[in-house]
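Hi everyone, thanks for making time for this.

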Amino acid sequence: MSTSGVRVRIAPSPTGEPHVGTAYIALFNYLFAKKHNGTFILRIEDTDATRSTPEFEQKVLDALKWCGLEWSEGPDIGGPYGPYRQSDRKAMYWPYAEQLLEKGHAFRCFCTPERLEAMREAQRAAGKPPGYDGHCLNLSAEEVTGRLAAGEPSVVRMKIPVEGSCDFHDGVYGDVSIPWESVDMQVLIKADGMPTYHMANVVDDHLMKITHVARGEEWLASVPKHILLYRYFGWQEPVFMHLSLMRNADKSKLSKRKNPTSISYYSALGYLPEALMNFLGLFFIQIAEGEELLTMDQLAEKFDPDNLSKAGAIFDIQKLDWLNGRWLREKLSEEDFARCVLDWAMENDRIRQGLKLSQSRISKLGELPDLAGFLLKSDVGLTPESFAKVKSAPEEILEILNQVQADLEKMPEWTVESIEAELRASADRLGKKLKVVVAPLFVAVSGSSRSLPLFDSMAILGRSVVRQRLKVAAQVVASMAGSGR
């Protein structure tokens, strides 16, 4: 991808399983770069040190590569404006914060977390939107120096105009006006010296010469903070484009609490990356009925960033299934299909590890489908009868499933050892024996009370598939509890 002056980026945070929303925004930027013969960049925004992990960063890279997206600069390949990981750029941000402090555009804030929480509670009780109240805004230079010398923790906050509004043009929403009174005095540098998203985002976009910022509409309200920083620094701001959020069929926000949202989930279930990109790309183009099946090159050719809809992009799983089926039937030769099936089955070493666990548990090969087939199934077909051999009552099973789901969400690593440790901890929290907790999980994960070892199976299936199976199991068991079964 040669440069034409247009430079766009995707900047995910490695704090969890990569979301299809990340692929949606990444695809837009990728197509925008191709349309303008520009440069597409990947930057890892890991300013949240408590939640960002190398494991999740690798998953981001793997997921976007699986989608067929290629970047010209990034943390894995380098480039002229690196490093491309914000934690590696930490030393770059403080000089810019100092500039803001020296020019009076920012101030030191010494408020404790306890004071801030009490402030927010009081604001909520009064029916006001939570926001910083300016407690440290007018501290004298002498007082600031003294408190810093005493080792008192502080953050750097930006100053906001008290009157007027921030007026700007958005590539999707057109002319936008947001009153300054609704903009919070954002923290720019945290007490640990790391920048917040807002500070790092603006500095990095400027230093990396980003010309167009395309991201989800949830960031539209943050534009005044970003524009203000560009103005404080005297920099040219990029063109902003805020894309409509992907939503469920009922128009609710697409979230993992309701539906599978991880890219790895769709990969594990056997969706083709070409079909997923085809599906997402249809949100950005205008086509006639019958023209839906499009390759990446065809999407780029029809891509029209000047004619985007502000209506929510509906993530219709039935349409994705239909497109994926057409790709399997119409775009793959017999040889391509066979290779595709084998590649899918071997993904994350699934088949090999499943066979390894099965070898000592069968007397003939024909038993393999019943024993290990759940590793390849899209749905294990849970019904109330699936839990018939579990001795616990439905209410107890539901308690176990809900506790385990919440506990697994907090796990930074997904390995056999970490899964076992977390499930043992879950049993302790519930005050139950491990075997009582494990019994319904066997059924939830495999669809059967006789299966491969649970911890190993969960590790092989992956976090996103296990999450969805536990969610489905909880729905089935909740219906049992409600009916008194």
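Let me begin with the naming: helices (H or I, at least four residues) and strands (E, at least two) are DSSP runs, numbered from the N terminus. Please also keep in mind that this is a predicted model.

With those names in hand, which element gives the most to the lining of the second largest pocket? That is α2, with six residues. The second largest pocket holds about 560 Å³ of space. It has 23 lining residues, and Glu17, Lys59, Ser264, Glu347 and Asn348 are the closest to its centre. Besides α2, the elements that give two or more residues to this lining are α8 (263-268), α18 (454-461) and α19. Sorted by class, we get ten nonpolar, six polar and seven charged residues around the second largest pocket.

Now let's turn to the largest pocket, with about 1,500 Å³ of space. Here 44 residues form the lining, and those closest to the centre are Ser13, Thr15, His19, Thr22 and Arg51. Two or more residues each come from β1 (7-10), α1 (20-35), α2 (54-66), β8 (212-216) and α19 (463-483). This time α1 gives the most, with four residues. The class count for the largest pocket is 16 nonpolar, 14 polar and 14 charged residues.

By class, six of the residues lining the largest cavity are nonpolar, three are charged and none is polar.

Last stop: a pair of helices. Helix α16 covers residues 416-430 and helix α17 covers residues 434-446; the two pack at an angle of about 115°, and their axes are 9 Å apart. Angles of 65 to 115 degrees count as roughly perpendicular, and α16 and α17 are therefore roughly perpendicular to each other. Their crossing is right-handed. On the α16 side, the contact is made by Leu423, Arg424, Ala427 and Leu430, while α17 brings Leu434, Val437 and Leu441. Six residues in this contact are nonpolar, one is charged and none is polar.

How values were computed:
Residues numbered from 1 in each chain as written. Predicted model: local features only at pLDDT ≥ 70, side-chain atom pairs only at ≥ 80, totals over all residues. Heavy atoms only, no water. Nonpolar A, V, L, I, M, F, W, Y, C, P; charged D, E, K, R; others polar. 1 Å grid on protein atoms, 1.4 Å probe; cavity = no way out; pocket = protein on both sides within 12 Å on 5 of 7 lines; lining within 4 Å. Points joined across faces, edges and corners; volume = space filled by probe spheres on them. Axes fitted to C-alpha atoms, helices over the stretch in contact; angles between N-to-C directions. Parallel < 35°, antiparallel > 145°, perpendicular 65-115°, else oblique. Left-handed = near helix turned anticlockwise from the far one by under 90°. Contact = heavy atoms within 4.5 Å.
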